[in-house]
Amino acid sequence: MSVPLSALALLLAGAAAAPAFADCKGLKVDNAWIPEAPPVASVLAGFASLVNDGDQPLHIDAVDGADFGSVELHQMSMEGGMMQMRPLQGLDLPAHGNVALAEGGKHLMLMNPKHPFKAGDASVVLFHCGKQATAARFTVKAAQP
Amino acid sequence: MSNRLLSWGLLAGFAVLIGIVAGLVVLRPASVQIQSGTLLQQARPIADFSLNGSDGKPFTKADLAGHWSVIYVGYTHCPDVCPTTLAQLKAVEKGLGEDAGKIRFIFLSIDPERDTPEALGQYTHYFSPDFLAVTGPNAQLDVLGANLGFVYAKVPGATPQSYLMDHSSALILINPRAGLAGYLTPPFKTDALVSDLKQLVEKSW
Ligand SMILES: [Cu+2]
(Lines give C-alpha, C1' and ligand atoms only; values in the text may rest on other atoms or scores of the structure.)
Protein backbone atom coordinates (compact mmCIF):
# COMPACT_ATOMS: atom_id res chain seq x y z
CA MET A 1 0.00 0.00 0.00
CA SER A 2 2.75 2.42 0.92
CA VAL A 3 4.93 1.28 -2.00
CA PRO A 4 3.50 2.28 -5.39
CA LEU A 5 3.38 -0.56 -7.86
CA SER A 6 5.56 1.27 -10.38
CA ALA A 7 8.30 1.73 -7.81
CA LEU A 8 8.10 -1.95 -6.96
CA ALA A 9 8.37 -2.85 -10.63
CA LEU A 10 11.42 -0.62 -10.97
CA LEU A 11 12.98 -2.24 -7.91
CA LEU A 12 12.41 -5.70 -9.30
CA ALA A 13 13.74 -4.73 -12.71
CA GLY A 14 16.74 -3.21 -11.02
CA ALA A 15 17.34 -6.37 -9.02
CA ALA A 16 17.10 -8.51 -12.16
CA ALA A 17 19.68 -6.48 -14.07
CA ALA A 18 21.55 -5.69 -10.86
CA PRO A 19 24.83 -4.08 -11.85
CA ALA A 20 27.47 -4.34 -9.15
CA PHE A 21 28.26 -0.67 -9.60
CA ALA A 22 26.56 2.69 -9.77
CA ASP A 23 26.38 4.63 -13.04
CA CYS A 24 28.98 7.30 -13.79
CA LYS A 25 26.99 10.28 -12.54
CA GLY A 26 25.66 12.34 -15.45
CA LEU A 27 27.19 10.22 -18.23
CA LYS A 28 25.05 9.56 -21.28
CA VAL A 29 26.23 7.51 -24.25
CA ASP A 30 24.31 8.32 -27.45
CA ASN A 31 24.42 6.95 -31.00
CA ALA A 32 26.76 4.17 -30.03
CA TRP A 33 27.70 2.09 -33.05
CA ILE A 34 30.29 -0.26 -34.49
CA PRO A 35 31.06 -0.21 -38.24
CA GLU A 36 30.66 -3.69 -39.67
CA ALA A 37 34.07 -5.17 -40.43
CA PRO A 38 35.35 -8.30 -42.18
CA PRO A 39 34.59 -11.40 -40.07
CA VAL A 40 38.35 -12.02 -39.67
CA ALA A 41 38.99 -8.54 -38.26
CA SER A 42 40.72 -8.74 -34.89
CA VAL A 43 39.89 -5.13 -34.05
CA LEU A 44 36.61 -3.23 -34.40
CA ALA A 45 36.05 0.49 -33.93
CA GLY A 46 33.44 1.88 -31.53
CA PHE A 47 31.90 5.29 -32.11
CA ALA A 48 29.50 7.25 -29.88
CA SER A 49 28.67 10.63 -28.52
CA LEU A 50 29.52 10.93 -24.81
CA VAL A 51 27.61 13.57 -22.89
CA ASN A 52 28.14 14.68 -19.29
CA ASP A 53 24.80 15.98 -18.03
CA GLY A 54 26.16 16.47 -14.53
CA ASP A 55 27.54 19.45 -12.64
CA GLN A 56 30.84 17.67 -11.95
CA PRO A 57 33.57 16.86 -14.47
CA LEU A 58 33.88 13.18 -15.35
CA HIS A 59 36.99 11.16 -16.07
CA ILE A 60 36.57 7.88 -17.95
CA ASP A 61 39.61 5.83 -16.99
CA ALA A 62 38.81 2.48 -18.59
CA VAL A 63 36.48 0.79 -21.03
CA ASP A 64 35.72 -2.90 -21.38
CA GLY A 65 33.12 -5.32 -22.69
CA ALA A 66 32.39 -9.02 -22.23
CA ASP A 67 32.53 -9.58 -26.02
CA PHE A 68 36.11 -8.31 -26.36
CA GLY A 69 39.52 -9.35 -25.09
CA SER A 70 40.24 -5.75 -24.25
CA VAL A 71 39.13 -2.24 -25.13
CA GLU A 72 41.37 0.78 -25.61
CA LEU A 73 40.69 4.44 -26.26
CA HIS A 74 42.52 5.84 -29.28
CA GLN A 75 43.07 9.10 -31.07
CA MET A 76 43.43 9.00 -34.85
CA SER A 77 45.21 11.76 -36.69
CA MET A 78 46.43 12.59 -40.17
CA GLU A 79 49.62 14.64 -40.08
CA GLY A 80 51.97 15.34 -42.96
CA GLY A 81 50.27 12.63 -45.02
CA MET A 82 50.75 10.07 -42.22
CA MET A 83 47.88 8.12 -40.67
CA GLN A 84 48.51 7.73 -36.95
CA MET A 85 46.72 6.20 -33.96
CA ARG A 86 47.73 6.78 -30.37
CA PRO A 87 46.33 5.27 -27.15
CA LEU A 88 44.63 7.78 -24.84
CA GLN A 89 44.95 7.74 -21.05
CA GLY A 90 41.22 8.03 -20.42
CA LEU A 91 38.80 10.75 -21.44
CA ASP A 92 37.86 13.97 -19.66
CA LEU A 93 34.30 15.23 -19.88
CA PRO A 94 33.80 18.68 -18.39
CA ALA A 95 30.57 19.41 -16.51
CA HIS A 96 27.79 19.74 -19.12
CA GLY A 97 30.36 18.96 -21.80
CA ASN A 98 30.68 16.22 -24.38
CA VAL A 99 33.26 14.24 -26.33
CA ALA A 100 32.67 12.68 -29.73
CA LEU A 101 34.05 9.27 -30.59
CA ALA A 102 33.88 9.64 -34.37
CA GLU A 103 35.56 8.55 -37.60
CA GLY A 104 38.89 10.27 -38.12
CA GLY A 105 39.05 11.33 -34.46
CA LYS A 106 38.75 9.43 -31.18
CA HIS A 107 37.48 5.86 -31.16
CA LEU A 108 37.19 2.76 -29.05
CA MET A 109 39.54 -0.05 -30.11
CA LEU A 110 37.43 -3.16 -29.52
CA MET A 111 40.17 -5.78 -29.60
CA ASN A 112 39.94 -9.53 -30.14
CA PRO A 113 36.18 -9.90 -30.53
CA LYS A 114 35.06 -13.26 -29.11
CA HIS A 115 32.87 -13.87 -32.17
CA PRO A 116 32.32 -12.14 -35.53
CA PHE A 117 29.80 -9.29 -35.63
CA LYS A 118 27.36 -8.56 -38.44
CA ALA A 119 25.21 -5.50 -39.13
CA GLY A 120 22.24 -5.67 -36.75
CA ASP A 121 24.21 -7.30 -33.90
CA ALA A 122 24.78 -5.43 -30.65
CA SER A 123 27.30 -5.48 -27.84
CA VAL A 124 27.35 -3.91 -24.37
CA VAL A 125 30.40 -1.86 -23.48
CA LEU A 126 31.18 -0.48 -20.02
CA PHE A 127 32.64 2.99 -19.46
CA HIS A 128 34.40 3.12 -16.10
CA CYS A 129 34.93 6.27 -14.07
CA GLY A 130 36.63 5.33 -10.82
CA LYS A 131 34.35 2.93 -8.95
CA GLN A 132 31.34 3.65 -11.14
CA ALA A 133 30.58 2.41 -14.61
CA THR A 134 27.93 3.10 -17.25
CA ALA A 135 26.82 0.37 -19.65
CA ALA A 136 26.11 1.30 -23.26
CA ARG A 137 24.67 -0.79 -26.05
CA PHE A 138 26.62 -0.53 -29.32
CA THR A 139 24.82 -1.51 -32.52
CA VAL A 140 26.72 -2.89 -35.51
CA LYS A 141 25.92 -1.05 -38.74
CA ALA A 142 27.20 -1.24 -42.31
CA ALA A 143 30.09 1.20 -42.73
CA GLN A 144 29.41 4.15 -45.03
CA PRO A 145 32.17 4.86 -47.56
CA MET B 1 69.84 9.69 -108.11
CA SER B 2 71.51 11.28 -105.14
CA ASN B 3 68.78 13.92 -105.19
CA ARG B 4 66.09 11.30 -104.96
CA LEU B 5 67.98 9.59 -102.12
CA LEU B 6 68.17 12.89 -100.31
CA SER B 7 64.42 13.50 -100.59
CA TRP B 8 63.68 9.96 -99.39
CA GLY B 9 66.01 10.59 -96.49
CA LEU B 10 64.25 13.86 -95.70
CA LEU B 11 60.87 12.18 -95.87
CA ALA B 12 62.01 9.40 -93.55
CA GLY B 13 63.42 12.01 -91.21
CA PHE B 14 60.08 13.85 -91.19
CA ALA B 15 58.20 10.64 -90.51
CA VAL B 16 60.42 9.90 -87.52
CA LEU B 17 59.99 13.45 -86.24
CA ILE B 18 56.21 13.27 -86.58
CA GLY B 19 56.27 9.95 -84.77
CA ILE B 20 58.27 11.43 -81.89
CA VAL B 21 55.98 14.45 -81.58
CA ALA B 22 52.86 12.27 -81.71
CA GLY B 23 54.40 9.97 -79.13
CA LEU B 24 55.12 12.88 -76.81
CA VAL B 25 51.57 14.18 -77.09
CA VAL B 26 50.08 10.77 -76.46
CA LEU B 27 52.42 9.76 -73.67
CA ARG B 28 52.84 13.03 -71.84
CA PRO B 29 51.16 12.52 -68.45
CA ALA B 30 50.77 16.27 -68.03
CA SER B 31 48.01 16.15 -70.65
CA VAL B 32 45.88 14.50 -67.98
CA GLN B 33 44.71 16.65 -65.09
CA ILE B 34 43.47 14.92 -61.96
CA GLN B 35 41.54 16.46 -59.05
CA SER B 36 42.34 13.93 -56.30
CA GLY B 37 46.10 14.23 -56.24
CA THR B 38 49.18 14.80 -58.36
CA LEU B 39 50.80 13.10 -61.33
CA LEU B 40 54.56 13.11 -61.68
CA GLN B 41 55.86 14.99 -64.73
CA GLN B 42 57.52 11.76 -65.72
CA ALA B 43 56.72 8.31 -64.38
CA ARG B 44 59.52 6.95 -62.21
CA PRO B 45 60.91 3.43 -62.67
CA ILE B 46 60.58 1.00 -59.77
CA ALA B 47 63.31 -1.40 -58.62
CA ASP B 48 62.53 -5.12 -58.44
CA PHE B 49 60.91 -6.37 -55.25
CA SER B 50 59.44 -9.62 -53.98
CA LEU B 51 56.35 -9.69 -51.77
CA ASN B 52 53.71 -12.35 -51.01
CA GLY B 53 50.21 -12.33 -52.45
CA SER B 54 47.29 -13.69 -50.44
CA ASP B 55 46.94 -16.40 -53.13
CA GLY B 56 50.22 -17.90 -51.92
CA LYS B 57 52.14 -16.71 -54.98
CA PRO B 58 54.99 -14.20 -55.00
CA PHE B 59 54.00 -10.66 -55.89
CA THR B 60 56.70 -8.89 -57.89
CA LYS B 61 57.20 -5.90 -60.17
CA ALA B 62 56.01 -8.02 -63.10
CA ASP B 63 52.56 -8.13 -61.45
CA LEU B 64 52.33 -4.35 -61.82
CA ALA B 65 52.85 -4.35 -65.60
CA GLY B 66 50.12 -4.34 -68.25
CA HIS B 67 47.46 -2.43 -66.34
CA TRP B 68 47.03 0.52 -63.99
CA SER B 69 47.37 -0.18 -60.27
CA VAL B 70 46.15 1.70 -57.21
CA ILE B 71 48.05 0.72 -54.07
CA TYR B 72 46.67 1.42 -50.62
CA VAL B 73 49.16 1.05 -47.77
CA GLY B 74 47.67 0.06 -44.42
CA TYR B 75 47.07 -2.82 -41.99
CA THR B 76 44.10 -4.73 -40.65
CA HIS B 77 44.52 -3.71 -36.97
CA CYS B 78 43.43 -0.25 -38.09
CA PRO B 79 39.67 -0.14 -37.52
CA ASP B 80 38.90 3.44 -38.51
CA VAL B 81 40.49 4.85 -41.66
CA CYS B 82 41.68 1.59 -43.30
CA PRO B 83 38.29 -0.14 -43.66
CA THR B 84 36.71 3.18 -44.59
CA THR B 85 39.22 3.62 -47.41
CA LEU B 86 38.78 0.03 -48.62
CA ALA B 87 34.99 0.48 -48.61
CA GLN B 88 35.48 3.68 -50.60
CA LEU B 89 37.71 1.88 -53.12
CA LYS B 90 34.94 -0.68 -53.48
CA ALA B 91 32.56 2.17 -54.35
CA VAL B 92 35.16 3.51 -56.80
CA GLU B 93 35.50 0.09 -58.42
CA LYS B 94 31.73 -0.01 -58.87
CA GLY B 95 31.66 3.53 -60.24
CA LEU B 96 34.32 2.67 -62.82
CA GLY B 97 32.05 0.12 -64.50
CA GLU B 98 33.87 -1.55 -67.39
CA ASP B 99 37.03 0.46 -66.75
CA ALA B 100 37.44 -1.30 -63.40
CA GLY B 101 38.87 -4.25 -65.32
CA LYS B 102 41.77 -2.07 -66.43
CA ILE B 103 42.82 -1.21 -62.86
CA ARG B 104 44.11 -3.42 -60.04
CA PHE B 105 43.37 -2.30 -56.50
CA ILE B 106 46.03 -3.54 -54.10
CA PHE B 107 45.88 -3.48 -50.29
CA LEU B 108 49.49 -3.55 -49.14
CA SER B 109 49.93 -4.40 -45.45
CA ILE B 110 52.97 -2.94 -43.73
CA ASP B 111 52.24 -5.11 -40.66
CA PRO B 112 53.52 -8.54 -41.78
CA GLU B 113 53.97 -9.55 -38.13
CA ARG B 114 50.19 -9.73 -37.59
CA ASP B 115 48.83 -9.76 -41.15
CA THR B 116 49.55 -13.19 -42.60
CA PRO B 117 48.90 -13.28 -46.37
CA GLU B 118 45.95 -15.62 -45.82
CA ALA B 119 44.19 -13.52 -43.15
CA LEU B 120 44.98 -10.37 -45.10
CA GLY B 121 43.31 -11.91 -48.15
CA GLN B 122 40.16 -12.82 -46.22
CA TYR B 123 40.02 -9.31 -44.79
CA THR B 124 40.53 -7.64 -48.16
CA HIS B 125 38.14 -9.86 -50.14
CA TYR B 126 35.32 -8.94 -47.77
CA PHE B 127 35.41 -5.56 -49.55
CA SER B 128 35.89 -6.91 -53.08
CA PRO B 129 36.91 -10.32 -54.39
CA ASP B 130 38.86 -8.48 -57.11
CA PHE B 131 41.13 -6.57 -54.71
CA LEU B 132 44.63 -7.95 -54.30
CA ALA B 133 46.13 -8.36 -50.83
CA VAL B 134 49.88 -8.23 -50.52
CA THR B 135 52.50 -8.10 -47.78
CA GLY B 136 56.04 -9.33 -47.22
CA PRO B 137 59.22 -9.11 -45.20
CA ASN B 138 60.10 -5.67 -43.86
CA ALA B 139 63.28 -5.54 -45.96
CA GLN B 140 61.19 -5.87 -49.13
CA LEU B 141 58.54 -3.43 -47.90
CA ASP B 142 61.33 -0.94 -47.24
CA VAL B 143 62.72 -1.34 -50.78
CA LEU B 144 59.28 -0.77 -52.26
CA GLY B 145 58.61 2.10 -49.87
CA ALA B 146 61.77 3.88 -50.97
CA ASN B 147 60.74 3.41 -54.60
CA LEU B 148 57.09 4.36 -54.22
CA GLY B 149 57.54 7.08 -51.62
CA PHE B 150 55.59 5.57 -48.74
CA VAL B 151 56.78 5.27 -45.16
CA TYR B 152 55.61 3.34 -42.10
CA ALA B 153 56.72 2.95 -38.50
CA LYS B 154 55.88 0.65 -35.62
CA VAL B 155 54.74 2.49 -32.50
CA PRO B 156 54.37 0.85 -29.06
CA GLY B 157 50.76 0.50 -27.87
CA ALA B 158 49.15 -0.11 -24.50
CA THR B 159 50.32 -3.75 -24.61
CA PRO B 160 53.05 -5.48 -26.68
CA GLN B 161 50.34 -7.08 -28.88
CA SER B 162 48.44 -3.87 -29.46
CA TYR B 163 51.29 -1.95 -31.08
CA LEU B 164 50.33 0.56 -33.75
CA MET B 165 51.57 1.28 -37.25
CA ASP B 166 51.93 4.82 -38.57
CA HIS B 167 51.67 4.78 -42.36
CA SER B 168 51.40 7.04 -45.40
CA SER B 169 47.81 7.76 -46.29
CA ALA B 170 48.08 8.48 -50.04
CA LEU B 171 46.94 6.05 -52.72
CA ILE B 172 49.83 5.23 -55.06
CA LEU B 173 49.26 5.20 -58.83
CA ILE B 174 51.30 2.78 -60.95
CA ASN B 175 51.12 2.95 -64.75
CA PRO B 176 50.92 -0.10 -67.05
CA ARG B 177 54.70 -0.04 -67.54
CA ALA B 178 55.10 -0.59 -63.80
CA GLY B 179 56.28 2.98 -63.24
CA LEU B 180 55.30 5.26 -60.37
CA ALA B 181 52.84 7.70 -61.97
CA GLY B 182 51.57 9.75 -59.01
CA TYR B 183 49.52 9.92 -55.84
CA LEU B 184 45.92 10.39 -54.80
CA THR B 185 45.65 12.14 -51.46
CA PRO B 186 42.92 12.21 -48.78
CA PRO B 187 40.26 13.28 -48.07
CA PHE B 188 39.03 11.03 -50.86
CA LYS B 189 35.83 11.73 -52.77
CA THR B 190 34.42 8.71 -54.60
CA ASP B 191 33.17 10.66 -57.63
CA ALA B 192 36.47 12.50 -58.08
CA LEU B 193 38.46 9.28 -57.77
CA VAL B 194 36.25 7.62 -60.39
CA SER B 195 36.63 10.44 -62.91
CA ASP B 196 40.39 10.71 -62.33
CA LEU B 197 40.94 6.99 -62.82
CA LYS B 198 38.67 6.95 -65.89
CA GLN B 199 40.80 9.71 -67.41
CA LEU B 200 43.98 7.82 -66.70
CA VAL B 201 42.88 4.56 -68.27
CA GLU B 202 41.12 6.18 -71.22
CA LYS B 203 43.28 9.16 -72.16
CA SER B 204 46.83 8.12 -71.59
CA TRP B 205 49.19 5.25 -72.11
CU1 LIG C 1 42.75 2.67 -32.87
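# Salt bridges, rings and the A–B contact

Colleague: How many salt bridges are there over all chains?

Modeller: This is a predicted model, and over all chains the count of salt bridges comes to 7.

Colleague: Moving to chain B, what does B:Lys154 pair with in a salt bridge?

Modeller: The side chain of B:Lys154 meets that of B:Glu113, 2.9 Å from N to O. This pair links distant parts of the chain, with B:Lys154 in strand β7 (residues 152–155) and B:Glu113 in the loop between β5 (103–109) and α3 (117–127), 41 residues apart. B:Lys154 is partly exposed, with a relative accessible area of 47%, whereas B:Glu113 is exposed, at 57%.

Colleague: Which ring does the charged end of B:Lys154 sit over?

Modeller: The charged end of B:Lys154 sits over the ring of B:Tyr163, 4.2 Å from the ring centre. The charged end of B:Arg114 also sits over the ring of B:Tyr163, in that case 3.7 Å from the centre.

Colleague: Which residues are linked in a network of salt bridges?

Modeller: The network links B:Asp99, B:Lys102 and B:Lys198. Within it, the side chains of B:Asp99 and B:Lys102 meet at 2.9 Å, N to O. B:Asp99 counts as buried at 5% relative accessibility, while B:Lys102 is partly exposed, with a relative accessible area of 42%.

Colleague: Now the interface: how many residues of chain A are in contact with chain B?

Modeller: On the chain A side there are 31 residues, in contact with 28 residues of chain B. The two chains bury about 2,200 Å² between them, and 68% of that area is on carbon and sulfur atoms.

Colleague: How many salt bridges does the rule find across that interface?

Modeller: The rule finds 1 salt bridge across the interface of chain A and chain B. B:Asp166 forms a salt bridge with A:Arg86, and the closest N and O atoms of that pair are 2.8 Å apart.

Colleague: I was also looking at A:His107; where is its place, and what does it touch?

Modeller: A:His107 has its place in strand β9 (residues 106–113) of chain A, and it is buried, with a relative accessible area of 0%. Not counting residues up to four places away in sequence, A:His107 touches residues of both chains, including A:Glu72, A:His74, A:Met76 and A:Met85 in chain A and B:Pro79 and B:Asp80 in chain B.

Colleague: What about the core, which residues touch the most other members?

Modeller: The largest nonpolar core has 96 residues, and those touching the most other members are A:Leu50, A:Leu108, A:Phe127, B:Leu173 and B:Leu197. The largest share of this core, 7 residues, comes from helix α2 (residues 81–96) of chain B.

Colleague: What is B:Leu197 in contact with?

Modeller: Leaving aside neighbours within four places in sequence, B:Leu197 is in contact with B:Val70, B:Val92, B:Leu96, B:Ile103, B:Phe105, B:Leu173 and B:Leu184.

Colleague: And how many aromatic pairs does the structure hold?

Modeller: Over all chains the structure holds 9 aromatic pairs. In one of them, the rings of B:Phe49 and B:Phe59 have their centres 6.3 Å apart and their planes at 35 degrees, so the pair is tilted. B:Phe49 lies in the loop between β1 (37–45) and β2 (50–53) of chain B and B:Phe59 in strand β3 (residues 58–60), so the pair ties together parts that are 10 residues apart in sequence. Both B:Phe49 and B:Phe59 are buried.

Colleague: Which residues do ring pairs link into a cluster?

Modeller: The cluster is made up of B:Tyr72, B:Phe107, B:Tyr123, B:Tyr126 and B:Phe127, linked by ring pairs.

Colleague: Last one, on chain B as a whole: how many helices and strands?

Modeller: The secondary structure of chain B comes to 5 helices and 10 strands, and buried residues make up 48% of its 205 residues. Among contacts in chain B with a separation of 6 or more, 70% are between residues 24 or more positions apart.

Methods:
Residues numbered from 1 in each chain as written. Chains lettered and ligands numbered in written order. Predicted model: local features only at pLDDT ≥ 70, side-chain atom pairs only at ≥ 80, totals over all residues. Heavy atoms only, no water. Core = buried A, V, L, I, M, F, W, Y, C linked by side-chain atoms within 4.5 Å. Buried < 20%, exposed > 50% of the residue type's maximum accessible area, 1.4 Å probe, protein only. Helix = DSSP H or I, 4+ residues; strand = E, 2+ residues; numbered from the N terminus. Contact = heavy atoms within 4.5 Å. Phe/Tyr/Trp six-rings, centres within 6.5 Å; stacked < 30°, edge-to-face > 60°. Lys NZ or Arg CZ within 6 Å of the ring centre and 35° of its normal. Buried area = accessible area lost by both parts, 1.4 Å probe. Salt bridge = Lys/Arg side-chain N within 4 Å of Asp/Glu carboxyl O.
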